[in-house]
Amino acid sequence: MASSPSDPIVFAYLDEPPFCFPREGGTAAGSDVELVTAVLNALGIASFETRLTSFAELLPGLVDGRWTITTPLFISQERLERVDFSLPVWALADGLMTRQADSAHLTGYDALARDGRSRLVVVSDQVQEQTGLKAGIPDDRILRVATQEDAVDLVRSGRADAYASVAMAHRGYLALHPDPKLAVVTAGAAMPARGAFAFAKSAAGFRRRFDEALGSQLGSAWHRSMMARYGFSPDDLTL
């Protein structure tokens, strides 16, 4: 196995601040972009391509070779059967984005299940879909969309009552798109879950080199300062 890919490095990302988001001119920004840049630079890779994609294409594109690395996502047994993961880079809890008027009573997945009428929207195939089902929300009250923007639009318009994702992603979205009619609540007693960069299983050698460089960055003064600029707390980085 070669120690690094022979083709140019392509980093696939989502429009999901503060982790990643596109800037004018086609470049990408966000905490994940800064971290992957630092790691690749440490490996002697001075430049790489960033490619905006949808969540539905994130892992399929990795498996079929359209990109080399994906933005970090939750580690799950199902995903481990398809791809390999780097060292974990954060541990984050779920949150619900709701309309401000509903935030007092829609306080988590269990509250949505008990309500009997409220509809939950998720981005298809994200782990929050299964979390909602396990909490007792009926399948016919779970709406599935392709993007973060689609989900927010459903809540804002009243076609859905809550949008489940990582609480940090909700806060990042509202920081860039303030809306006093929307609120973010923690998803009940949901425990933080670990997230990591993903790689094709055929790239095991490169992933090991990446992990060596990543390990020297995680927890460093630069890393903690950089993540704090995007709103992450020390607890979010405690793995």
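The following legends describe close-up views of a predicted model. Local features are reported at pLDDT of at least 70 and side-chain atom pairs only at pLDDT 80 or more, while totals for chains, interfaces and linings use all residues. Residues are numbered from 1 along each chain as its sequence is written, and side-chain values use heavy atoms, with hydrogens and water left out.

View 1. Domain 1 contributes 13 residues to the contact and domain 2 contributes 15 residues, contact meaning heavy atoms within 4.5 Å. Between them the domains bury about 1,100 Å², of which 70% is on carbon and sulfur atoms; buried area is the accessible area (1.4 Å probe) that two parts lose on being put together, summed over both. Of the area that domain 1 buries against domain 2, 44% comes from Pro17, Phe55 and Phe74, more than from any other three residues.

**View 2. Polar features between domain 1 and domain 2.** Zero salt bridges are found across this interface, a salt bridge being a side-chain nitrogen of Lys or Arg within 4 Å of a carboxyl oxygen of Asp or Glu. One residue pair, both at pLDDT 80 or more, is in polar contact between the domains. A polar contact is a pair of N or O atoms within 3.5 Å; within protein, one must be able to donate a hydrogen and the other to accept it, and residues adjacent in sequence count only if both atoms are side-chain atoms.

View 3. Helix α7 spans residues 167–176, and seven of its ten residues are buried. Helices (H or I, at least four residues) and strands (E, at least two) are DSSP runs, numbered from the N terminus. Buried means under 20% relative accessible area, exposed over 50%, and partly exposed in between (1.4 Å probe, protein chains only). The buried residues of α7 are Ala167, Met168, Ala169, His170, Gly172, Tyr173 and Leu174. These buried residues pack against strands β7 (90–92), β8 (94–99), β11 (162–166) and β12 (182–186), and against helix α6 (148–157).

**View 4. Arginine 144 in strand β10.** Arginine 144 belongs to strand β10 (residues 142–145) and is partly exposed, at 33% relative accessibility. Beyond its neighbours within four places in sequence, arginine 144 contacts Val122, Ser124, Glu129 and Asp139. Arginine 144 forms a salt bridge with aspartate 139, the closest N and O atoms being 2.6 Å apart. Aspartate 139 is partly exposed, with a relative accessible area of 46%. The side chain of arginine 144 also reaches the backbone oxygen of isoleucine 142 at 3.0 Å.

View 5. The structure holds 14 salt bridges. One of them joins arginine 99 to aspartate 102, with the closest N and O atoms 3.1 Å apart; aspartate 102 is buried at a relative accessible area of 15%. Another links arginine 119 and aspartate 161, at 3.4 Å between the closest N and O atoms. Arginine 119 lies in the loop between α4 (109–115) and β9 (120–123) and aspartate 161 in the loop between α6 and β11, so this pair ties together parts that are 42 residues apart in sequence. Arginine 119 is partly exposed, with a relative accessible area of 30%, whereas aspartate 161 is buried, at 11%.
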